[in-house]
Amino acid sequence: MTLHDKDIKTKINLVFLIEEQSHKSYRPVCVFTYRLNYLLHGLQPFGYHLVNVVLHALVCLLYKRTCSLFVTEGTALVASVLFVVHPLHTEAVTGVVGRAEILSSFFYLLTFLSYSSAATRRSTTGWFWFGCSLLLVALATFSKEQGITVVGLCCIYDLFILHKTRLSDLLKCSKGHLKEAGRRMGVLLSWGLFLLAVRLKVMSVQLPVFTKFDNPAAAAETPSRQLTFNYLIALNSWLLLCPTDLCCDWTMGSVPLIRSWTDPRNVATVAVYVALCAILWNAVWTDDARSRILLMVSH
């Protein structure tokens, strides 16, 4: 955020909902909260940081509620406490610009909880909660684009956790009660595609524009670009386990580019993908229902 950011200082109106004014990161819900901050107290930083802290607290409460769907209350409490104090979250909470992540997480978890409430009875749908989930997924997506992935999470939950479906069941269509779940997921997926279409329309069907300064990997040549982007998954996985090297702004040369296939960091990339595939395989094929739930949630 800068003192001359027009996204923040522009008067609150409906224009920001239909126009993209930054570098193709269409996040109108997040921008709206910044404008409210500016309307209330100008550029005084305290209010911006306070909103971030409050949002983080709400996300932690929602995380506790989400964990309670899959594990005991005691385990959910321990998990939520670890979530609250995890150093990795300082990047999003202390940096005002990190509000996009927090806000998207807030609506992301609300979407999932609403969908799970709508699908409590496997043979029927609670359409009020389902309608809430449609609204919330839109808010999550327009807070930060990754919010759209909650659509996939809800479908996985409905199929493999709520209905305890195996791949063989899907291939054989052997579960008649999947008809109602299919209706829910069909509407949700269609809504997700509509949101993507809206975002593409607003962005004039263009990818985000980054400079070499903002995102060196995005401006790199093949295969350096692909190798570096894939390595970021391994890097973030490591930071989740060992958050010793954090950064308020991962731009410029914060992560040196991987310029060749012989770079030893590629080993970490392969290892992470192998681990993720192993978790997914066990989650799909294990006969232990509890293990399947935990593996899918962790994945």
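At what angle do α3 and helix α7 (residues 99–118) pack, and how far apart are their axes? The answer is given in the second legend below; the model shown in all views is a predicted one.

**View 1. The protein chain as a whole.**
The secondary structure of this predicted model consists of 15 helices and 0 strands. The chain has 299 residues, and 38% of them count as buried. Its accessible surface is about 17100 Å², with 70% of that area belonging to carbon and sulfur atoms. When contacts between residues at least 6 apart in sequence are considered, 68% of them join residues at least 24 apart.

**View 2. The packing of helix α3 with helix α7.**
The angle between α3 and α7 is about 115 degrees, and their axes lie 9 Å apart. The two helices cross in a right-handed sense. On the α3 side the contact involves Val29, Cys30, Thr33, Tyr34 and Asn37, which meet Arg99, Ala100, Leu103 and Phe107 of α7. Sorted by class, the residues of this contact are 6 nonpolar, 2 polar and 1 charged.

**View 3. The packing of helix α3 with helix α4.**
Helix α3 covers residues 28–41 and helix α4 covers residues 45–68; they pack at an angle of about 140 degrees, with their axes 9 Å apart. This angle makes α3 oblique to α4. The crossing of α3 and α4 is right-handed. Tyr34, Asn37, Tyr38 and His41 of α3 make the contact with Gly47, Tyr48 and Val51 of α4. The contact has 4 nonpolar and 3 polar residues, and no charged residues.

**View 4. The packing of helix α8 with helix α11.**
α8 packs with helix α11 (residues 178–202) at an angle of about 25 degrees, and the axes are 10 Å apart. The two helices are therefore roughly parallel to each other. Their crossing is right-handed. From α8, the contact takes in Trp127, Phe130, Leu134, Val137, Ala138 and Thr141; from α11, it takes in Glu180, Arg183, Arg184, Val187, Leu188, Trp191 and Leu195. By class, these residues divide into 9 nonpolar, 1 polar and 3 charged.

Thr124 is located in the loop between α7 and α8 (127–141). Its relative accessibility is 39%, so Thr124 counts as partly exposed. Which residues does Thr124 touch, not counting residues up to four places away in sequence? They are Ala118, Glu180 and Arg184. Thr124 and Glu180 are 56 residues apart in sequence, and their C-alpha atoms are 6.4 Å apart in space. Glu180 and Arg184 also belong to the α11 side of the contact with α8.

Helix α9 (residues 150–162) is largely enclosed by the rest of the structure, because 10 of its 13 residues are buried. The buried residues of α9 are Val150, Val151, Cys154, Cys155, Tyr157, Asp158, Leu159, Phe160, Ile161 and Leu162. His163 lies in the loop between α9 and α10 (167–172). His163 is buried as well, with a relative accessible area of 0%. The C-alpha atoms of His163 and Ala181 are 8.6 Å apart in space, while the two residues are 18 apart in sequence. Lys164, which follows α9, has a positive phi, near 50 degrees. Most residues other than glycine have a negative phi.

**View 5. The cis peptide bond at Pro223.**
Thr222 and Pro223 are joined by a cis peptide bond, with omega about 5 degrees. Most peptide bonds are trans. Pro223 is found in the loop between α12 (216–219) and α13 (224–241).

Ile233 is part of helix α13. Is Ile233 buried or partly exposed? With a relative accessible area of 33%, Ile233 is partly exposed, since buried means under 20% and exposed means over 50%. Apart from its neighbours within four places in sequence, Ile233 is in contact with Val272 and Tyr273. Ile233 and Val272 are 39 residues apart along the chain, and their C-alpha atoms are separated by 7.6 Å.

Methods:
Residues are numbered from 1 along each chain as its sequence is written. This is a predicted model: local features need pLDDT of at least 70, side-chain atom pairs count only at pLDDT 80 or more; totals for chains, interfaces and linings use all residues. Side-chain values use heavy atoms; hydrogens and water are left out. Axes are lines fitted to C-alpha atoms, for helices over the stretch in contact, and angles run from 0 to 180 degrees between N-to-C directions. Helices (H or I, at least four residues) and strands (E, at least two) are DSSP runs, numbered from the N terminus. Angles under 35 degrees count as roughly parallel, over 145 as roughly antiparallel, 65 to 115 as roughly perpendicular and the rest as oblique. A crossing is left-handed if the near helix is turned anticlockwise from the far one by less than a right angle, and right-handed if clockwise. Contact means heavy atoms within 4.5 Å. Ala, Val, Leu, Ile, Met, Phe, Trp, Tyr, Cys and Pro count as nonpolar, Asp, Glu, Lys and Arg as charged, and the others, Gly among them, as polar. Buried means under 20% relative accessible area, exposed over 50%, partly exposed in between (1.4 Å probe, protein chains only). Accessible areas come from the Shrake-Rupley method with a 1.4 Å probe; for residues, only the protein chains shown count as cover.
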